[in-house]
Structures are given as structure tokens and as C-alpha cells.
Amino acid sequence: MKNVTYLFIFLLTVLMLTGCWSSKDIEKLDLLLGVGIDEGQSNSHEYSKEDLMNVTFQLVNVSGNQSSKTYSGNAKPFVNVNETGESLLEAAREVLLKRKNTLNGQHQRLVVLSSKVAQKRNMRELLDFFIRDPEARMSCLIMVTGGLSRDIMDTETDEIPSVHIKEVSDHIEKSNKLIEPMTLSKINATMEAKSSFLLQNIEKRNNEIILTGAAVIKGDTITQVGFLNEEELVGINWLTALTDGGIVKIKEEGSNKTITYELETVDSKVKPLLKNGQISFQVDTKVSGHITELLAETDELTKEENIKDLERQIEEKIKEQIKNSLEKIQQDLKVDVLEFHDYVRIQHPDYWKSHKDDWDNTFSQANIDYQVDVQISSLNMNINE
């Protein structure tokens, strides 16, 4: 009996001592923070231009100022390595021929796709490497740029560009000009469902990075079919109510001075209606907020009729933005990036089963009626309310 006990203790000890069997020396790793993917240039007969990708790997520079993630002068805390290959893995293997360390993706924050690549190749093909890689971080964000992703990766910011961009995207709680960040795990589920979706667009202007508008990805092809500009994206956010942040600017009648209304809450209710075999939608959007800035010199704002008039003007502005956005996604792009299919799938499952394979076309022909209710909860401007 004692022998059995000793054997059990021995085996248990061996198992406990293997806790660090997969550990790696951090000094021997190239920590990957971001990846940019552009079209490749072919210099051989082996591959055509369409087959190749130019990949920018953004790595932590161990000789830079890593502690603060910031830099000044030439002491950049990151290094960009460009490689070309027919696949992500091939490009990554080429990096091994230049670097003494091996790539490690456990800290990766961002993947930026150039629009040219996103239009020609489907998302599954472009992201398959990250989805399958056990080291990939599933909270990594996916974005698109109309320019070159390697230019985005080479922008000077206060910190490492990939880290900076990810942190800017967190401002969705304060701005309805952004979309809900699309992570690697979320995009994987969305592609499986063959649903159309949006990816944050990112641009480089005067050597500064700015998140503006969105790239539109069609569900059945998983390729980019267009862009939404900033105003069109705001219109989408009124219908989805994914953010409570943002402002609405209107002009005071008469003086033409700007009045700024800041959102406190946005609520949207979507009701799919099925009548005579036709699907339609009723959307009710309720907005509450306060006046935060008044450039007009007036003491008439406290009057109830004037407050009602301001609420009417804000409602008209929001309705105009919604109208323009619906025209873009229904008539031009013909994609359901509002995820209205989820309401149909849940509330009208039989209709959904017979139309899900051609849903984007069905959605583009559906009537969408929308109502907007705006309330000014506070004037908030050191005047007697």
C-alpha cells in the first residue's frame, strides 16, 4: 500500500513541476502588435500580382523606450518589417530570415487591410491565419484603410501606432462617428453567419491617424463593396443605438448661430412587420440630451415654445441623416449592415428560412419607416431654466 502511495505522490509531483514547460524567453521573442496587409508587387514569374500580399509586421523595439510606450526623436519603440508572400504564413516565415527572434502574436492589437485587398480577396482568406493561430489574440481589432496599410503603420503617434489606434477606437462611448470595434472573434462569428457588416475605416491625414466612416463588407462574398462616410455612419448609429455618445449641431433660426446638443441616451426599437408576404420595419428612436454650447446671444431659449422648436430641428436633422444612410445601404450597396435580419429570424422564423439565402436583396427592397423623438433634458448653460 505504501508503494502505491509513494508512486501517486511521485506522479503528482511530476505533473506539478511541468507548469512552465511551454515558457519562452521573452528576450528571444519579437512581440507582434499590429499587421498591415496591402497588395503585393510581383518581381517573378512564379506569382502574379493578384496572388501576392505585402505584409507589414509591427514589432516592439526592445532597444526603444518600451516602458512608457512613447518616444521622442529617433527612439521609436516599434519596428516595422515588410515582407511579401502568397500567404500570411509565408510572409511571416520570411521575417525569420531577417530577425534573430521569432514572432509572437499574443499581444497583437490590430490588423489593417487596404481597401484594394479587401475588395479583391474575401475576409476569410485574409484572416484565416489569425483565426487558426493558437497564439493570436482574439480581441485584436480589424480595420480597413482606403490608402496603404503600411502608411498607417508608419504614422508617428505619441505611442506605438497599433496601440494608439486601438485606444482611439474605445471612444465609441463618446462619439457616434465610430462603430463598435470589430474583434477577430466577432468577425469570425459574423462570417460564419454570412451576415453583412461594417469595419472601421482609418485614414492618414497630414501625418495624423483619424478614424472616419466605415468599410462595408457584403455577407455572401465577404468582400468590401463600398464605404460609408462619417455622416452616413452617424445615420446608421441612430438606427442601431449602439452608442449614447455624440453631438448634433443645428443653426438658430434668424442669427444662423450654432447650437450644440449633446446626447445622454439613445434608444432604438426595431419591429419587423410581415403583411401579405412582404417584410417591412418600424423603427422608433428616442434621444435624450442637453444643450452644451450656444453661440447665439439669446435669452429666449428658456421659453417652452423655443425648446420645442429646438427639439423639432434636432429631430429633422437626425431624420435627414437616417434617410441618407438608408438610401446608401438599400439602394446603392444593397446590404443589411443594420443586422435587421436578427429581428426577422427571431420574430418571423418561417419567413427567415425562405429568405435568408438572399437576405441582402430582400432587405434592400423592404420599406423602413422611422420615427425620432428628441427631448432636451437640460439647457445646462448657467441661465435660469
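Asp309 lies in helix α9, where helices are DSSP runs of H or I with at least four residues and strands are DSSP runs of E with at least two, numbered from the N terminus. The structure is a predicted model, in which local features need pLDDT of at least 70 and side-chain atom pairs count only at pLDDT 80 or more, while totals for chains, interfaces and linings use all residues. Residues are numbered from 1 along each chain as its sequence is written, and side-chain values use heavy atoms, with hydrogens and water left out.

With a relative accessible area of 23%, Asp309 is partly exposed; this class lies between buried, under 20% relative accessible area, and exposed, over 50% (1.4 Å probe, protein chains only). The C-alpha atom of Asp309 is separated by 10.0 Å from that of Glu252, although the two residues are 57 residues apart along the chain. The side chain of Asp309 also meets that of Arg312 in a salt bridge, at 2.5 Å from N to O. A salt bridge is defined here as a side-chain nitrogen of Lys or Arg within 4 Å of a carboxyl oxygen of Asp or Glu. Because Asp309 and Arg312 are three residues apart in helix α9, about one helical turn separates them. Arg312 is partly exposed, its relative accessible area being 32%. Salt bridges with shared partners join Asp309, Arg312 and Glu316 into one network.

By this rule, the count of salt bridges comes to 17. One of them is formed by the side chains of Arg150 and Asp38, at 3.6 Å from N to O. This pair links distant parts of the chain, with Arg150 in helix α5 (residues 149-153) and Asp38 in strand β1 (residues 29-39), 112 residues apart. Asp38 is buried, with a relative accessible area of 0%, whereas Arg150 is partly exposed at 32%. A salt bridge also connects the side chains of Arg205 and Glu203, at 2.9 Å from N to O. Arg205 has a relative accessible area of 40% and is therefore partly exposed; Glu203, at 27% relative accessibility, likewise counts as partly exposed.

Aromatic contacts were considered next. A pair of aromatic rings is described by the distance of the centres and the angle of the planes. Rings of Phe, Tyr and Trp (its six-membered ring) pair if their centres lie within 6.5 Å; planes under 30 degrees apart count as stacked, over 60 as edge-to-face and the rest as tilted. By this rule, the count comes to five aromatic pairs. Among them, Phe129 and Phe130 have ring centres 5.4 Å apart and planes at 75 degrees, so this pair is edge-to-face. Phe130 is buried, with a relative accessible area of 3%, while Phe129 is partly exposed, with 27%. The pair of Phe340 and Phe363 is edge-to-face because the ring planes stand at 80 degrees, with the centres 6.2 Å apart. This pair links distant parts of the chain: Phe340 is in the loop between α9 (304-332) and α10 (341-347), and Phe363 is in helix α12 (residues 359-365), 23 residues apart. Phe340 is buried at a relative accessible area of 1%, and Phe363 counts as buried at 0%. Ring pairs link Phe281, Phe340, Tyr343 and Phe363 into a cluster.

Accessible areas come from the Shrake-Rupley method with a 1.4 Å probe, and for residues only the protein chains shown count as cover. Lys and Arg count as positive and Asp and Glu as negative, His and the chain ends not being counted; the place of a charge is NZ of Lys, CZ of Arg, CG of Asp or CD of Glu.

A patch of negative charge on the surface gathers Glu167, Asp170, Glu173, Asp244 and Asp267. Asp170 is placed in the loop between α6 (161-169) and α7 (184-192) and is partly exposed, with a relative accessible area of 46%. Positive charge gathers in a surface patch of Lys249, Lys251, Lys257 and Lys317. Lys317 is located in helix α9 and is partly exposed, with a relative accessible area of 30%. A nonpolar surface patch is formed by Tyr6, Phe8 and Ile9, which together have about 370 Å² of accessible area. Tyr6 is placed in helix α1 (residues 2-16) and counts as exposed at 55% relative accessibility.

Terms used
Patches are made of residues with over 30% relative accessible area and no salt bridge: like charges are joined within 9 Å, nonpolar side chains (Val, Leu, Ile, Met, Phe, Trp, Tyr) within 5 Å.
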